[in-house]
Amino acid sequence: MVDKIQLLPDHVANQIAAGEVVQRPSSVVKELIENAIDAQSTTITLIVKDAGKTLIQITDNGIGMSTTDARLCFERHATSKIRKAEDLFNLHTKGFRGEALASIAAIAHVELKTKQADDELGTHITIEGSKVLAQEPAVLPQGTTILVKNLFYNIPARRNFLKSNTVEMRHIIDEFHRVALAHPDVEFNLTHNDNSLFKLPSTNLRQRIIHIFGKKTDEKLVPVSEETPIVKISGFALKPEYGKKSRGEQFFFVNKRFIRNSYLHHAVVAAYEGLIKNDVHPGYFIFLEVQPESIDINIHPTKTEVKFEDEHAIYAMLRASIKHSLGQFNIAPVLDFQHQKEFDTPYDYSKKSTVTPPAINVDRNFNPFQNEPKPVSKFDFSNTGKFRTQTANWEALYTATDSLEKEAENKEATPDLGLYPKTDENSVNRSLQFQNKYILAPLKSGLMLVHQNYAHQRILYEELLKNITVKEAISQQLLFPLNLHFSRPDMEVLQKVREQLENVGFIFSEFAEEQVSIVGIPVMLVESQIATLLEELINDIKEDIPEEGFQLNDMLAKSMALNLAVKTGISLNNTEQEDMINRLFACKEPSISPTKKPTFKIISLDEFDKKFI
Ligand code: ADP
Ligand code: MG
């Protein structure tokens, strides 16, 4: 019999372990910053090139390592942080597995320079794919510098799997934020491709939040504070009116470690109940301190999930303390969302006669797929006469309804069921809105149901995409410049798409570090939509976005279309309904929304007939 089992060589074992620890450049950033914190550093400087794909360099002024430790730290399960199993239940450090450096050294070119305070000389080690290439004494300041170059150089599949620099950098910034928020007393710097993204001086939590998320954040913060024998709660919640449509700033820290916990998240959301709309997400920076032995942080390899001993009690206390804080500090009136809604949708023009917008003669109804520009505003439904002449081939589909109209006229005596309301004596409406969601229109061959939200998304998407690429959009001037504040990384994102935004009609008078001034906006927008639109756009770009070119344009058009499209639940008058249908059928691809949902369905006459057999 032949024995088949062998122990894996260390470098292979390390590479396998690396798969767990290092998913992407941001995992390296997280591990290295955490090591620097564990080493009691007061200043940590991170330099990144190509979103960490080429270089991640981190310098700290912590306790450093001896020559022996410098060599040992790259071994698997080499850690100075725990010695025996019991220590696992009394952790005061971020690391304890002794896996990070071994894993990183297995899949990158690594250099380590380190010196302890009392040593005269430091140590400089070069290591590649777990092999030590050089080790020599060096003159160094106290602390540690680690350079991680060419991540995944020996695992092409992994390297190819990395996302665009924008996405990878987003992940790095997220990790950076998390550690920086948990340690406001530590000074942090982050530089990407020679641009300084963050210079965060040692300060308190409030100032740290403001330094990261921008000056405007100050007025949004409501302090939260509660101390019980089980848990100490501190931090800030954002005032309800600053809730976002996408999950924005939501941070939980347990014993200064960033965690995710949907149960506790729910406790926070519950505290906002009645103060915030259902689809709006509150922001928060909540710090929990518990006895280390009462949590198990060991359940997830990337360590963002935590199990609490007293989860139910913590839930109740968290909810109560946030509720209390919001009640106490939230003196600003809560937004009237009903009222807001009218601003959200340019389609809701029910009170149109009372509004006198400044007269701007712009072509709001420019249809990219017709040669002649239309003189009617796309949201100006007053000119119903024009609208008939505008109808595309699609109108032919209606013709069969003429006989229906005649029939209706002949049946004066039959009770009006209200299904086909008349707007004036002469015309019978050709469409009907159902549940403030669908537009029903009779066809020769059956009945068409148009989904108002998806249809409008398609219309706006094609229009925006055309504007971005052909650069023909027309702007409307704002009477006063609109100044919007964003954090620096968000401003970087905006800068990236500035040209595209200008193509769709934005005019910027200033693009500062944390602020943009807008003097012109696309004609399809109203001013009150701008802040949300840009916020959502930035979020979408941060989530998953291609570098540039068509895909970026496509994504921008999609993001804006989704944001601006008339939602379900909004009532549309007949002119608006018909205009929607006409514009939909003027699209290149009328049948699906930009997110691949059907925009309309036709129920054939046969299907109806079958129901009456
Ligand atoms: P862990 O952090 O789980 O102990 P790591 O592989 O991240 O494992 O690090 C191994 C050891 O190397 C640490 O326990 C620590 O003693 C030492 N070390 C790593 N980074 C630093 C640093 N920046 N300063 C001082 N010592 C460090
Ligand atoms: Mg570590």
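**Notes on the predicted model**

1. I'd start with helix α8, whose buried residues pack against β11 (250–254), β13 (284–289), β15 (307–308) and α9 (311–329). Packing here rests on contact, meaning heavy atoms within 4.5 Å. The helix covers residues 262–271, and its buried residues are Leu264, His265, Ala267, Val268, Ala270 and Ala271. Buried means under 20% relative accessible area, exposed over 50% and partly exposed in between (1.4 Å probe, protein chains only). An α-helix has 3.6 residues a turn, so residues three or four places apart point the same way. At the start of α8, a side-chain oxygen of asparagine 261 comes within 3.0 Å of the backbone nitrogen of tyrosine 263.

2. Some housekeeping before going on. This is a predicted model, where local features need pLDDT of at least 70 and side-chain atom pairs count only at pLDDT 80 or more, while totals for chains, interfaces and linings use all residues. Residues are numbered from 1 along each chain as its sequence is written, chains are lettered from A and ligands numbered from 1 in the order in which they are written, and side-chain values use heavy atoms, with hydrogens and water left out.

3. Now the overall picture. The protein has 19 helices and 22 strands; helices (H or I, at least four residues) and strands (E, at least two) are DSSP runs, numbered from the N terminus. Of its 613 residues, 48% are buried. If you take contacts between residues at least 6 apart in sequence, 69% of them join residues at least 24 apart. Accessible areas come from the Shrake-Rupley method with a 1.4 Å probe, and for residues only the protein chains shown count as cover.

4. Ligand 1 deserves a look. There are 18 residues around ligand 1, and Asn35, Thr79, Ser80, Lys81 and Gly98 come nearest; near means that a heavy atom of the residue lies within 4 Å. By class, this shell holds 7 nonpolar, 7 polar and 4 charged residues. Ala, Val, Leu, Ile, Met, Phe, Trp, Tyr, Cys and Pro count as nonpolar, Asp, Glu, Lys and Arg as charged, and the others, Gly among them, as polar.

5. Which side chains make polar contacts with ligand 1? An N or O atom in the side chain of asparagine 35 is 2.8 Å from an oxygen atom of ligand 1. Aspartate 60 puts a polar side-chain atom 2.9 Å from a nitrogen atom of the ligand, and for threonine 144 the distance from a side-chain N or O atom to a ligand nitrogen is 3.3 Å. On its own, ligand 1 has 530 Å² of accessible area, and the protein covers 92% of that. A polar contact is a pair of N or O atoms within 3.5 Å; within protein, one must be able to donate a hydrogen and the other to accept it, and residues adjacent in sequence count only if both atoms are side-chain atoms.

6. Next, the sheet around β7. Strand β1 (residues 43–49) runs parallel to β7, joined by 6 bridges, with valine 48 opposite histidine 192. β7 also pairs with β8, in the antiparallel sense, over 5 bridges; here leucine 190 has phenylalanine 198 as its bridge partner. Two strands pair if DSSP finds at least two bridges between them. β7 and β8 form a hairpin with 2 residues between them, and asparagine 193 in the turn has a positive phi of about 45°. Aspartate 194, in the loop between β7 (187–192) and β8 (195–200), has a phi near 70°, positive in a residue other than glycine. Aspartate 194 is exposed, at 66% relative accessible area.

7. A second hairpin is formed by β9 and β10, with 4 residues between them. Strands β9 (residues 221–227) and β10 (residues 232–238) are antiparallel and share 7 bridges. Glutamate 227 stands opposite lysine 232.

8. Finally, histidine 451. Leaving aside neighbours within four places in sequence, histidine 451 is in contact with Lys437, Tyr438, Thr568, Pro598 and Thr599.
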